[in-house]
Amino acid sequence: MFRALSRARMILPVVAFCAAYAVLAMFVTNSYHQLTLTLVAVWAIFGLSWNLLSGMTGLISFGHAAFFGLGAYTVALLFAKLGLTPWFGIPVATVLGGLAGLLIGLPTFRLRGHYFALAMLAYPLALLNIFLWLGHQEVSLPLIRERGWAYMQFTDQRVYILLVVGLLLASMISMRVVERSRYGLALTAIKQNEAAAEAVGIDTRRLKLITITASGAVAGMIGGFHAVILLVVTPEAVFGMLISAQALTVAMFGGVGTVWGPVLGALVLIPLGETLHARFGAVLPGVQGVVFGVAIVAVILLAPEGLYWKVADLLRNRRKTGAAAPLAAGALPSAAAMPCGGRQPARTPLGPDAPVILQAEGVSRAFGGVKAVQEVSFSVRQGEILGIIGPNGAGKTTLFNLLNGFVRPDAGRVLLDGRDVTGLPPNRLCRLGVGRTFQVVRPFARMSVADNVMSGARAADGIEEARARARAAMQRVGLGGLMDVRAGTLSNLNLRLMELARALAGRPRLLLLDETFAGLGGPEVEKLLGVIRGIAAEGVTVVIIEHTLHAMVRLVDRFVVLDHGAVLAEGLPEEVTGNPAVIEAYLGSKWSARAGD
Amino acid sequence: MLISGKGVLRPTRRDLLAGGAALAGSGLLPGMVRAQPAEGGTVKVGLLVPLSGIYSRFGQLMRMGAELGIKHVNEQGGVPSLGGAKLELRLFDAGDSTEKAKNAAQRMVADNPDLVACSGAYLSSFTLSATEVTERAELPMLTLSYSDLITTRGFRYVFQTSAKAGDQAKEALPILLDLAQRAAGKRPETVAILTDNTASSLSFVQPIRENAAKFGLRIVMDETFTPPLSDATQLIQKVRSARPDVMVMPITVISDVKLLIEKMNEFGLGRGRVPTIGNGIAMAQSDLLQNIRPAQMEGFITVVGNWDAKGQEAIIEEFKRVSGEPWMGQNSIATYGDIWIMRDALEKAGRADRRAVAEALRTIDITGGAALYYPGRRVKFDATGLRETAGPVVVQWQNNRPVTVYPGDSATAEIFWLKR
């Protein structure tokens, strides 16, 4: 993504693959092998549709058969009941699949994680019974003996291969374009961390709805085409558990999150299943299922991320050893070596008349009986570094979530530049210039540092702009030399810096940092301090949460101390650290008594 | 083997499996050893049935029937008009889904251009998709599947040997009422309907709901449930308070059959006290013996497409001996018969060619030979490919086994209906 690919490099391999597939298929004369070749492409496209939603956004769907089946029934019923040709039926199926995606997405995206996956499971099961109840146990596509082509019926089965390869080509190219676009960038951001994606300005709900609509449309289209191949549509054959599983199997076997994954998976699994069935089905009935299952288990064990990634890793390793590993020799220039510490622009001291950028007015929030934040009021002035400290459980993270819209306050207001922003969703706040990092860093281990950072660049202004922002942000935190390194190999410090860069890529005016120092050792803290000071010196206002004091004292201009959800003290570092109430909150009354002596 | 309370040999599952394996061995090996002496010497016919997956049990029963049929045809001179050519059976696994069934059919026609006819594919939806392939390949396919769609698509290479589901349901009610009148001297006046919500069960009760009044029947109870049941007490309680003269109870899941019938016996409604009529083979398949004491099944009636019939005794005995099955049943007997139809069609065609065999099937009209294995005792297909005299077969549990009680020329016993 960060490294731009030319149109040609993006699309040529796909075109070459599809062309080769089609040409080779033309030499196949056995009608059974022709059918298998058709089915490979059918399941590859279905896998691609699943990959678009689940592979790219990480929202696992166990119910893609819902769209597939609706497509199949659309084509079958239009043909059998109204005499409408599949040439017309398949586009209708595509539209209906998309609509179904939207309708299913609207309620289901209220759920997350496993709950989303399980809820998706319910749709095909429900549809299966609805179609049984409607009396469509078996819908047979009429056989047209004259002018069959008008009804997508061909005596030469190779025509089907050409048709489906055409669909495959279109699907692969569009997915490839999506993968490399701002839209794809935003999807990866969602997969990485949905909350973080919101925080960098992505309207995740809208984006997820668009994605499930597109995914449903592709699944509906290929379901419709499959009806033409199957010729008899039954609820079990198109809504069954195995259909949903088929999408997952080919995608996971081949590799999730890449266009080639489902294609590779289908290319191996479908002929394998068929061959096993043909060879053993009538001799040792059932053994084909065992062999097939063992093959899948073996691949999952040996290549847990799928064949594509395994092969990619092998190639990468070979290339690395071949090229004498310049990276290894250069010993992964760590951020420490970067001049971030040296380039330390002096901060202009904060004038007493600096305008207030953020203001909390009596903000409260309770979770059940627990009053996490009560009547908290404070203000942050432009250019300031404000530390919010407090012992564990003081309500710091909840306060952060209230400030940037993840949680709505029960009472009180949040003002940004004097404007009431209470209850605005995080992505809107982000567009108003509020950036945020998270306590737990969840990077994309496989993606380069640059791509990880780029997922934070607000995707609204074009991919080139996003690249420029990502580059600038990485240089600001001193990750400039590590742009192409895979995130999975980064040290803890560099991960923190990457997270920081990701927030900076959104060009915030106000940056909320959540426990950025957690888990870092002394020298690492020093480096990070330097980076944050540098950011502040460039005029970005910083609000930082910590529960450890020692680093903060040297960083912040002012402290707000929270305890039991309320403001305990507020003031300059030296005032706060001498405050007996603060010492008591942190260390207990014994220490505060000693401090008072 | 287990000896049940009444001294009847009851095979255990292991015996059945061993029997099946023995049969498979005996059936397969000679075919392989024979290894096709001369090209004109054998004629290949196909059997496309589920040999793996959840329907494999039924596929195995059909395979046993087909293998016995092949053996008998070959022992009795093969196809005389082809110089005594022997039949050779090729097996194809239809698997457990319509897609697999269709793929298997495609494989069958692609890899075996010398097949002249085939039989299959057990489940109606499998048959529908498989015949899409065989039709295009102009390979005649015989089937016992019930679906109305099979012969209403304008296909010319499919031949349906049993009555269509819609017709079975429509014809069954008057037949049963007549049987009841003859046996008990009085026509039933009230009917209860207790059905699961599977497609075939619902299509069976549909005409009964619509036509009950026409036959002077009052519906006193009408319950539909979703299988599987966890407890049948409430349903049977309702039957007891409704006290119908007759109950229609099409059940497709064997565990539901067990629960309902045991509960009826517990409530004293079994043994024909509430004459109960099912549909399909779930209430008569031999697997029931492993789940329920056969004495409890006494008196229960089910409507099927084909069953062990009068005049087939020797074949049934041999089948029981080689297969270890307690009776032959619809799937085995119909597939056995299909092999004989193929043989008779080949004989008529005089050529081992699939189009010639199809043409012979379209014009065949016999009341001997293969006709013995089908209710109505005649093999003649109408223009759509439906066997003309196909009608429902009524089977009733008597003395621990299901026996044919209708039609009269097939019946091996009189129906048993309590006089009230």
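Domain bounds in this account come from an automatic or database domain assignment. On that basis, chain A is divided into domain 1 (8-252) and domain 2 (356-596). The structure is a predicted model, in which local features need pLDDT of at least 70, side-chain atom pairs count only at pLDDT 80 or more, and totals for chains, interfaces and linings use all residues. Residues are numbered from 1 along each chain as its sequence is written, while chains are lettered from A and ligands numbered from 1 in the order in which they are written.

Confidence is given as pLDDT, the predictor's confidence in each residue, from 0 to 100. Chain A has a mean pLDDT of 84, and 91% of its residues reach 70 or more. The pLDDT is below 50 over residues 324-343 of chain A. This stretch has 27 contacts in the model beyond near neighbours in sequence; two residues are in contact if their C-beta atoms, placed from the backbone, lie within 7 Å. Where pLDDT is low, the predicted coordinates should not be read in detail.

The C-alpha centres of domain 1 and domain 2 of chain A lie 43 Å apart. In chain A, 16 residues of domain 1 are in contact with 20 residues of domain 2. Helix 7 (182-192) and helix 8 (194-199) of chain A are the elements that give two or more residues to the domain 1 side. Helices (H or I, at least four residues) and strands (E, at least two) are DSSP runs, numbered from the N terminus. Helix 7 of chain A provides the largest share of that side, six residues. By class, the domain 1 side has eight nonpolar, five polar and three charged residues. Here Ala, Val, Leu, Ile, Met, Phe, Trp, Tyr, Cys and Pro count as nonpolar, Asp, Glu, Lys and Arg as charged, and the others, Gly among them, as polar.

Within chain A, strand 5 (residues 385-389) is mostly covered, with five of its five residues buried. A residue is buried if 20 or more other C-beta atoms lie within 10 Å of its own, exposed if 12 or fewer, and partly exposed in between, with C-beta atoms placed from the backbone. In a regular strand the side chains alternate between the two faces of the sheet. Both faces of strand 5 of chain A are covered. A:Ile385, A:Gly387 and A:Ile389 are buried on one side, and A:Leu386 and A:Ile388 on the other.

Strand 5 of chain A pairs in the parallel sense with strand 10 (residues 541-546) of chain A, over five bridges. Two strands pair if DSSP finds at least two bridges between them. A:Leu386 has A:Val543 of strand 10 as its bridge partner. Strand 5 of chain A also pairs in the parallel sense with strand 11 (residues 558-563) of chain A, over four bridges. There, A:Gly387 is bridged to A:Phe559. Strand 11 of chain A in turn pairs with strand 12 (residues 566-571) of chain A in the antiparallel sense, over five bridges. A:Asp563 stands opposite A:Ala566 of strand 12. Strands 11 and 12 of chain A form a hairpin with two residues between them. A:His564 in the turn has a positive phi of about 50°.

Chain B is divided into domain 1 (16-163 + 310-380) and domain 2 (166-304 + 393-406). Their C-alpha centres lie 31 Å apart. Ten residues of domain 1 of chain B are in contact with 13 residues of domain 2 of chain B. The domain 1 side comprises five nonpolar, two polar and three charged residues.

An open sheet of five strands in chain B has the order 4-3-5-6-7, with parallel pairing. Strand 4 (86-93) and strand 7 (158-160) of chain B stand at the edges, each with a single partner strand, so one side of each is left without a neighbour in the sheet. The twist averages 25° from one strand to the next. Strand 6 (residues 141-143) and strand 7 of chain B run parallel and are joined by three bridges. B:Thr143 has B:Gln160 of strand 7 as its bridge partner.

Helix 2 (residues 31-57) of chain A and helix 3 (residues 98-111) of chain B pack at an angle of about 145°, with their axes 7 Å apart. Axes are lines fitted to C-alpha atoms, for helices over the stretch in contact, and angles run from 0 to 180 degrees between N-to-C directions.
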